[in-house]
Amino acid sequence: MNFNLKQPLFLEASAGTGKTYTIERLVVQLVRMSDPLIELERILVVTFTRAAALELKRRIAKALEEALLTAEGQQRHRLHLAISGIDGAKIFTIHAFCLEMLVRHPLTSGVNIDLGISYREQLEVVKDLFRLHLNKEHYCEAQLAGALGLARGDPDRLARLILKQLGRGLPIAKVPSFEESRLRLTALLKDLGPLDLTHLEADFECLWPCYLELANRKGELKEGIRENVSLTFSLLSGEPLTQGVLERLIEEGSFLVDLIARGKLKKSAVVKPLYYPDLLLWLDTVFGVELDQMRSPLCTLARLASEAEALLKQRMEEQERLTFDAILQKMNEALQTPSFAQAVQGAFDACVVDEFQDTDPIQWAIFEKLFGHRSDFPLILVGDPKQSIYAFRGADLATYWRAKSSFDPHNCYSLGVNYRSSPSLVSALNTFFASIDDFDCPPVAAGVKEDSPLAVGGALQLFEAEEEAEGFAFICEEIEALHQDQQIPYSDFAVLIADRFEAEKLRSYAQSWGLPCASMRGKRCADTVAYQELRALVDAALNRADRGKVKRLMSWGQEERISLILREGYAVLEEKGFLSFFEFFLASIGQEFLRAQGGEELFVQMRQIAGTLAGKRVEELLPYLDQLAVADEEDEEALKLFAESDESQVQLLTTFASKGLEYRVVFALGLGRNQKESRAGLVQVEGKLSPFAPAALLEQERRASFLRLLYVALTRAKERVYLPSSLQKWMKGELVGVKKAQRSLRRKAADLPLHPLLPPPKIAFPLPCRELQSFTRLSSPREEEGEFPSFVGGATKTAHTLPPGPRTGRILHELLEKRGDVRQALKGTSLEGWEEVVQGIVEACWSIDLGGFCLEQVTEMEQEMEFLYPSPQGEIEGVIDLFFTYQDKYYLLDWKTNWLGPDGASYTQERMQAEIERHDYRLQSTLYKEALSRYFRFFPHFDYGGTYYLFVRGAPEGKGLFKLF
């Protein structure tokens, strides 16, 4: 198909029609044929995931090289230039593109970005909300328990769910707090007026026998209902609505509302005249609606999301940082500035947006402002609304249709030839999709000319799967038969499962048949040792001077060697990127050494994760890894890397994970699950995220979402697809174009019963693991501190009457370390009013004679130095208050706030030595000295000068210094 590449284009690409191939060729065509010349680095290509961006860059590079083989003259020159500049190709995710533009043009964008608030840090902000900012006026326990139920009882999952709502870039509808709702309900009850309790009870006795679900088998009122009704009656008759009463209603609900006002009358029921005949309607439409809102976990989620948004915004403003989603908002705002918009527009001569069906409103707003108004600019949008299955990430099909309507209909095209599937399968799918009334799926032609025997034998088949064991048995025997009869490799089969639990059950069952299966989602990224080790390596490389960061790698042993490698490798990291650094690290430490630590799996998986870091800037490495760690099952394409690499196995994966992949034979097992699952997210209603939406709208969107998921599942196959029979009930009609599977099982399902699903084994850390020790654990039990004299902390303020205790010690340590503003540091603390004394202590400590010099004269020092090293007792860890070098010697110093007496004369060498012996400080000195001696092996020209213990209360009088060698 030939396109006019001097104007906007809108391309719809059904599954298998060569979408990525088309994008490659469009880029090549722009480079070789455009007039005037368009350089590769001036073509913006945006796609949905990092993995897709990397794959696009690889494929575009290959397409350029292929085009070069037949090019001549000026075209050949252009292609040469493009190939040589492939590393500079502007192929981004939407977030990476916006960040690149904002950073490149900070003056015109008005944004000073520190990309420091990673996804992990955002989660911590939400957890801070849970820990510090929830109170009884905003929520009751029952409401919070309901919200937690949306996340399967996991607070971490709830925090991620909240961030998903914030990441959708839409305002959140206001939801009243617990106390606000209590006041509203109180006002409603007051307006109703107190009702007569006797009449209420009489009406109830007339009503309950007429309703279903209220009586037990004996015809008596079910247990607990009368007590619940009495609670509601007490409110209707004038009792105050206290917090405790309302919390009970939220937790238990109201039978008057749930089973009578909204219940079903028995067919033979005759309701006698009531004292309050209009009360049921009021309970349903007024009281019940307010109570529903308070009981709704989604309402609580909306309120939590609003408060988290405010807290996150406050934290970002304080730190002048942005989240990934805030980057989009800032980009959209910055485009209001003409100079910034012109600068970005001037950087590009063409733009291609891939997977456009997964775009949200703010993303389209950015592209529309940049390029949507130009009739002579090749803005090329490529997508397929039938494959929009990422609504949980914010994908919005309304945005897709709105964008398409802005294009000239003559510039809207469909790629109508399926090059993936056999003619028989294409025909069967065309028939099947055409039979679904509410699914717009134009037929496609088959690009493959010849049918395979497998496709001719029934390209779309229905298999019995009413019982789980029956479905599993059919799949296992069918795969084995096709493997034997048709010589189809196991790796050409895929079973699309509902979730990882179904995958584990099927894999366990398949083992009884001797069928090799591999789950592409066998391990979450964060649960692998490889991820933990690689993240520790990245952190240590970025903070190579911080011993606290480097110590995580010390469990490997050879700490001196690793430290040197990190120092030398950082230059490689900065100049050539992470992959070059990782190869340098492997070459330096030795691949066999790494394999020895954790086996071949650790080595292979570390290389796989490292591959996803290709092209990342140094500052993006840790934020990216942190996002992988907290991603949900469908949230990150890169998690596919943890598929087992053995190609001789049947692949088990979710439909979400299968998008973009293809197999000869597909079993769409997971589609047979009940699709009416509870909604765990807010709904877009009139431009806002709301916990409520019309039931008809929810049902319509649920069905549309399932049909798109069905489309993705069925279009993964090249030759044959199997649908579970349980799907037929949900579709409510005949599955047109689907043949019933003819194979009868040679083994009965009962012969091989399902294995119970056991919890996954705990991941064992394969590296040497030794007990952590420290000075506190190794030192002898010390005597308790004696009583301080009454004048300590009294009216006379000196260093010797300074209040004792750990709080004083922490304040002094921090001031001695940072030497900040004493008055500001003591404000609001227990030492407020002691500013002059504390200032004298700090100044005296830094000027005290250390043997011909003082700390003021020292230029090379490290404070709060963490260390970790192996010893016969285990791994020794600790923190050195201060170490420094002076005249080719290194020293360590420890601040001590111990009270030894009422004046400076008490700080004699004898008393200080006794205190050191009593607290076993010599052991501390030995451990710290060993840590420093290991560090200074890298600097052989330095010698150990000694360890100082400075009892700071004696410092103002020139006392308190004790030295150990």
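This is a predicted model: local features need pLDDT of at least 70, side-chain atom pairs count only at pLDDT 80 or more; totals for chains, interfaces and linings use all residues.
Residues are numbered from 1 along each chain as its sequence is written, and side-chain values use heavy atoms, with hydrogens and water left out.

**Entry 1: positive phi**

I placed Asp 888 in the loop between β20 (874–886) and β21 (889–896). Helices (H or I, at least four residues) and strands (E, at least two) are DSSP runs, numbered from the N terminus. Asp 888 has a positive phi of about 65° although it is not a glycine. Most residues other than glycine have a negative phi. I found a positive phi also at Asp 920, at about 60°, and Asp 920 is not a glycine either. Asp 920 lies in the loop between α37 (909–918) and α38 (921–935).

**Entry 2: the six-stranded sheet**

I traced an open sheet of six strands with parallel pairing, in the order β3-β2-β4-β5-β1-β6. Two strands pair if DSSP finds at least two bridges between them. The edges are held by β3 (90–93) and β6 (412–415), each with a single partner strand, so one side of each has no neighbour in the sheet. From one strand to the next the twist averages 15°.

I then went through the pairings. Strand β1 (residues 9–13) runs parallel to β6 and is joined to it by four bridges; Leu 11 has Tyr 413 in β6 as its bridge partner. Four bridges also join β1 to β5, again in parallel, and there Glu 12 is partnered by Gly 383. Strand β4 (residues 350–353) is joined to β5 by three bridges, the two running parallel, and Cys 351 stands opposite Leu 379 in β5.

How many residues of strand β5 (residues 379–383) are buried? I found five of its five residues buried. In a regular strand the side chains alternate between the two faces of the sheet.

Axes are lines fitted to C-alpha atoms, for helices over the stretch in contact, and angles run from 0 to 180 degrees between N-to-C directions. Eight of the 11 residues of α4 are buried, including Phe 97, Glu 100 and Met 101.

**Entry 3: two helix pairs**

Two packed helices are described by the angle between their axes and the distance between the axes. For helix α1 (residues 19–33) and helix α3 (residues 73–84), I read axes that come within 8 Å and cross at roughly 125°. That makes α1 oblique to α3; angles under 35 degrees count as roughly parallel, over 145 as roughly antiparallel, 65 to 115 as roughly perpendicular and the rest as oblique. Val 28, Val 31, Arg 32 and Met 33 in α1 meet Gln 75, Arg 78, Leu 79 and Ala 82 in α3, contact meaning heavy atoms within 4.5 Å. By class, this contact of α1 with α3 has five nonpolar, one polar and two charged residues. Ala, Val, Leu, Ile, Met, Phe, Trp, Tyr, Cys and Pro count as nonpolar, Asp, Glu, Lys and Arg as charged, and the others, Gly among them, as polar.

For helix α34 (residues 806–818) and helix α36 (residues 835–847), the axes come within 10 Å and cross at roughly 50°. That makes α34 oblique to α36. Leu 812, Leu 815 and Leu 816 in α34 meet Val 838, Val 842, Cys 845 and Trp 846 in α36. I count this contact of α34 with α36 as seven nonpolar, no polar and no charged residues.

**Entry 4: two buried loop residues**

I located Ser 254 in the loop between α12 (243–252) and α13 (255–261). With a relative accessible area of 1%, Ser 254 is buried. Leaving aside residues up to four places away in sequence, Ser 254 touches Asn 228, Thr 232, Leu 249 and Leu 291.

Pro 691 is in the loop between β15 (688–690) and α31 (695–714), and at 5% relative accessibility Pro 691 counts as buried. Pro 691 and Val 175 are 516 residues apart in sequence and 8.8 Å apart in space, C-alpha to C-alpha.

Conventions
Buried means under 20% relative accessible area, exposed over 50%, partly exposed in between (1.4 Å probe, protein chains only).
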